[in-house]
Amino acid sequence: MVLAASMVLHRQFISRIFMGRMNESMNSDLGDVAANYKLRPVVGSSWELEPSGRSAFWVAETSTPDGLGKEIVGCVGLDYYTRYSKEDPTSAELRRMVVSPHHQRRGIGSKLLRTLIPYARKQGLKSIMLSTSTFQAPAVAMYQRLGGLLIRKWS
């Protein structure tokens, strides 16, 4: 009985932390991706956006199982307007690197980073900062394999 009550309290605590983090994200860069990452409309398209400066944001899509549509399976952002660029104008921060759990281990994260890193170099950036936790060991290993990232870990 005590164990069950403890588990419920633990779940509620984790849920509150997660929801707080989601709200924080939606009130920051994810609240308006186009404005925060300085994206502009692609000429001739009513819905596509492209980077217009050092910041950028990419989305990975795949066909839906029925083949009739597309679904987002991952994303990554390169944010020039963070504390890192204030410290060093040749730095930016890697943000919002996410791949759907159902699509992980298929190379999507690597493809996103293989798009981001050359773009950053083309923009004159010399380092890409990444803040991550020690709980993300597989992700950290991928970042290190691809190179070009300075990793700051927190726990």
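A polar contact here is a pair of N or O atoms within 3.5 Å; within protein, one must be able to donate a hydrogen and the other to accept it, and residues adjacent in sequence count only if both atoms are side-chain atoms. By that rule, the side chain of S55 reaches the backbone nitrogen of Y80 at 2.8 Å. This is a predicted model, where local features need pLDDT of at least 70 and side-chain atom pairs count only at pLDDT 80 or more, while totals for chains, interfaces and linings use all residues. Residues are numbered from 1 along each chain as its sequence is written, and side-chain values use heavy atoms, with hydrogens and water left out.

**Overall layout**

- The chain's secondary structure comes to five helices and seven strands, taking helices (H or I, at least four residues) and strands (E, at least two) as DSSP runs numbered from the N terminus.
- Reading from the N terminus, the elements go α-α-β-β-β-β-α-β-α-β-α-β.
- Of the chain's 155 residues, 34% count as buried; that means under 20% relative accessible area, with exposed being over 50% and partly exposed in between (1.4 Å probe, protein chains only).
- Take the contacts (heavy atoms within 4.5 Å) with a separation of 6 or more: residues 24 or more positions apart account for 44% of them.

- Strands β3 (residues 56–63) and β4 (residues 70–79) run antiparallel and are joined by eight bridges; for two strands to pair, DSSP has to find at least two bridges between them.
- Along that pairing, A56 has L78 as its bridge partner in β4, and A60 stands opposite G74.
- The β3–β4 hairpin has six residues between the strands, and G67 takes a positive phi near 75 degrees there.
- β4 also runs antiparallel to β5, with five bridges joining the two.
- L78 turns up here too, standing opposite L94 in β5.
- β4 is mostly covered, with seven of its ten residues buried.

**The nonpolar core**

- The largest nonpolar core has 24 residues, a core being a set of buried Ala, Val, Leu, Ile, Met, Phe, Trp, Tyr and Cys residues joined through side-chain atoms within 4.5 Å.
- Its residues with the most contacts inside the core are W58, L78, L94, M97, L112, L116 and Y143.
- Two or more residues each come from β3, β4, β5, α4, β6 (127–133) and α5 (137–146).
- Helix α4 gives the largest share, at seven residues.
- As general background, nonpolar side chains tend to be buried together in soluble globular proteins.

**Aromatic pairs and a charge over a ring**

- The whole structure holds three aromatic pairs; rings of Phe, Tyr and Trp (its six-membered ring) pair if their centres lie within 6.5 Å, and planes under 30 degrees apart count as stacked, over 60 as edge-to-face and the rest as tilted.
- One of them is W58 with Y119: the ring centres are 5.4 Å apart and the planes at 75 degrees, so this pair is edge-to-face.
- W58 sits in strand β3 and Y119 in helix α4 (residues 108–122), so the pair ties together parts that are 61 residues apart in sequence.
- W58 is buried at 17% relative accessible area, and Y119 is buried at 16%.
- Y80 and Y81 form another edge-to-face pair, 5.3 Å centre to centre with 85 degrees between the planes.
- Y80 is buried at 15% relative accessibility, whereas Y81 is partly exposed at 48%.
- Y81 also has the charged end of K38 over its ring, 4.7 Å from the centre; that takes NZ of Lys or CZ of Arg within 6 Å of the ring centre and within 35 degrees of the ring normal.

- S55 lies in the loop between β2 (49–51) and β3 and is buried, at 1% relative accessibility.
- Beyond residues up to four places away in sequence, S55 touches Y37, L78, D79, Y80, Y81 and Y119.
- S91, in strand β5, is buried at 4% relative accessibility.
- The S91 side chain makes a polar contact with the side chain of S127 (2.5 Å).
- Setting aside neighbours within four places in sequence, S91 is in contact with Y80, Y84, S85, L125 and S127.
- R95 is also placed in strand β5 (residues 91–99), and its side chain makes a polar contact with the side chain of D79 (3.1 Å).
- Not counting residues up to four places away in sequence, R95 touches D29, Y37, V76, G77, D79 and T82.
- The C-alpha atoms of R95 and L130 are separated by 7.4 Å, with the two residues 35 apart along the chain.
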